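Dear colleague,

Please find the structure below, handed over for your work. My findings follow it.

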Amino acid sequence: MATPERAPDALVGKQSAEPLLRVAELRVNYGAVAAIRGVSLKVTAGEVVALLGANGAGKSTLLRTVSGLTRPRAGRILLGGEAIHRLPPARIVRLGVAHCPEGRRVFGTLTVAENLRLGAAARVDRAGVAADRERIYAMFPILGERRTQPAGTLSGGEQQMLALGRALMARPRVLLLDEPSLGLAPLLVRQIFRTLAELKADGVTMLLVEQNINLALDLADRAYVLRTGEVSLAGSAVDLKADYEAVAAAYLGARP
Amino acid sequence: MSLELYITQQIINAISLGSLYALVAIGLSMIFGILRMTNFAHGDMMMVGAYSTLVLQSLGLDFGWAVVVGIGLGALAGVIVERVAYRPVRGAPEVTLLLTSLAVTYILENLGILIFTSSGRNFPIPDWMNSAFQLFDGQITFTQINLLTVALTAVALGALGWFVTRTDVGLGMRAAAEDMGAAHLVGLDVNRLIVAAFAIASGFAGLAGILWAAQAGVVEPTMGFTPLLKAFVGAIIGGFGSIAGALLGGYLLGALEVLIVAFLPSEVSPYRDAIVFALLIAFLLFRPNGLLKRVQEVKL
């Protein structure tokens with residue numbers, strides 16, 4: 001069955017600095033079903049880490065648990081060394097975790113500008129918020145043009161930009177991205193990932209869930225493959241890209 | 001009497017009645033929007049507002065201040081009910097919330113009967129409020145309290161409109177009503193938003209109760225029941241959960257009731273409420289989302 005956690009750690013190599021985000025021996029149940037079965041991973045500041053795996057492997061559940069929407073049954077989640085796995089979602093956002101959810105989930109009846117404003121609801125530095133808003137309009141000019149339009153009238157790609165912008169408005173220490181390419185035309189997917197690459201260059205730390213393995217590994221520094229709630233493979237993006245067979249095997253459950 | 005003036009008179013009546021329905025319906029809709037529960041105890045905040053004003057006046061407080069404090073106590077009662085009765089069962093099946101709110105209604109109304117007895121009491125208002133405006137040789141008549149009802153409702157609605165479009169808490173309330181999960185994700189303090197919704201909704205109901213009592217001249221512990229049902233119909237007509245819908249539905253319902261009494265044969269008038277509730281059934285059957293259908297996102 002699955003490779004124990006030791007093996008991935010050995011692949012990754014120990015880093016001396018305390019990671020920004022550390023998930024330790026996490027277990028999450030949905031009713032009687034175990035969705036996450038003892039996952040450990042870490043994200044160092046400035047790093048982009050991809051979370052790969054088939055549908056139902058537990059990727060979204062992991063992000064939801066980090067955000068506090070789902071409570072773990074066991075294990076710990078540390079942000080900068082501070083335990084956050086028992087805190088309410090609003091506190092976790094204030095501590096610096098922003099979550100750009102699957103399916104975008106923008107507030108359709110609110111305008112683009114109002115969506116961005118709510119993204120910064122946890123912040124008090126008004127000047128910084130205004131500057132960040134302009135930065136996001138510069139990043140996605142179409143959002144600036146449509147700032148007074150209800151978000152529900154935007155196209156899927158524009159809504160994804162808005163969801164990303166809304167998450168960035170929290171000025172997060174770590175950005176959780178759940179399938180940013182889902183349901184988008186290839187051109188828009190490229191645009192979104194180009195933006196993510198710019199954010200990475202700016203030093204934004206990301207934990208990225210993505211079905212598109214190529215895109216994810218091009219952007220990420222490291223990746224974990226989840227299968228049925230366990231880490232089945234982990235390594236640097238470069239190594240994993242060079243060994244597709246191992247990744248495919250980790251997806252499908254054959255022994256690597 | 002000319003038809004134009006008669007119609008004008010009825011429009012005035014409709015706006016006055018519709019204002020009360022709108023005030024109650026908006027609160028009902030706000031609470032439904034954010035908690036997905038029909039708060040049957042909402043009508044009892046009318047009682048709290050009206051009786052508070054009555055008691056405060058009898059204690060010697062000036063009418064205006066009694067109204068202000070009465071609205072505040074209505075809001076406070078709503079917040080307390082949310083904290084004590086609804087928050088512990090939040091997340092339970094909808095029927096649990098529904099039954100809880102029914103229980104709260106019975107408790108509050110019986111508490112009212114216990115304190116004030118079940119018989120009605122006179123609701124004193126300053127004399128000037130009963131003075132009537134007469135236009136066109138008395139063909140159009142309305143009292144100061146009618147005017148005050150419309151004016152205070154307009155102020156309340158204007159303040160609400162500002163609140164839900166210009167403040168973080170107001171925007172957050174709308175966001176939470178649309179997608180509670182996403183509201184959590186962006187870091188909104190949902191408990192605070194729910195408290196704010198109950199405070200505003202119940203304050204509006206308190207104001208409606210005071211105006212209702214002022215127009216009727218009497219208060220009784222079960223006074224909130226009928227307006228609550230009517231407001232419920234109004235909220236459904238407009239689109240339950242939408243503030244604009246509740247506003248529209250409240251005024252439409254006021255207009256409809258006035259229309260039935262003013263323009264249909266007098267034999268029909270006694271069936272006014274039956275017609276209103278038949279309308280509710282018709283809407284639930286054929287247009288359950290109301291006139292202002294909420295935008296449903298296609299979510300991937």
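In which helix of chain B is B:Trp65 found? In this predicted model, B:Trp65 belongs to helix H3 (residues 63–86) of chain B. B:Trp65 counts as exposed because its relative accessibility is 54%, where the cut-off for exposed is over 50%. Together with B:Leu61, B:Val68, B:Val69, B:Leu73, B:Leu76, B:Ile80 and B:Val84, B:Trp65 forms a nonpolar patch on the surface, and these residues have about 720 Å² of accessible area together.

Turning to charged pairs, there are 19 salt bridges over all chains. One of them joins the side chains of A:Asp132 and A:Arg135 (3.8 Å, N to O). About one helical turn separates A:Asp132 from A:Arg135, because they are three residues apart in helix H5 of chain A. A:Asp132 is buried, at 4% relative accessibility, whereas A:Arg135 is partly exposed, at 39%. Both belong to a network of salt bridges that also includes A:Arg123, A:Asp125 and A:Arg171.

A further salt bridge is formed by A:Lys200 and A:Asp221 (3.1 Å, N to O). This pair links distant parts of the chain, 21 residues apart: A:Lys200 lies in helix H8 (residues 186–201) of chain A, and A:Asp221 in the loop between helix H9 (213–219) and strand S9 (222–227).

Finally, the second largest pocket holds about 270 Å³ of space. Its lining has five nonpolar, no polar and five charged residues, among them A:Arg123 and B:Asp168. Helix H5 (residues 126–139) of chain A gives the largest share of this lining, four residues.

Yours sincerely

Key:
Residues numbered from 1 in each chain as written. Chains lettered and ligands numbered in written order. Predicted model: local features only at pLDDT ≥ 70, side-chain atom pairs only at ≥ 80, totals over all residues. Heavy atoms only, no water. 1 Å grid on protein atoms, 1.4 Å probe; cavity = no way out; pocket = protein on both sides within 12 Å on 5 of 7 lines; lining within 4 Å. Points joined across faces, edges and corners; volume = space filled by probe spheres on them. Helix = DSSP H or I, 4+ residues; strand = E, 2+ residues; numbered from the N terminus. Nonpolar A, V, L, I, M, F, W, Y, C, P; charged D, E, K, R; others polar. Patch = residues over 30% accessible without salt bridge, like charges linked within 9 Å, V, L, I, M, F, W, Y side chains within 5 Å. Areas by Shrake-Rupley, 256 points an atom, 1.4 Å probe, with all protein chains shown as cover. Salt bridge = Lys/Arg side-chain N within 4 Å of Asp/Glu carboxyl O. Buried < 20%, exposed > 50% of the residue type's maximum accessible area, 1.4 Å probe, protein only.
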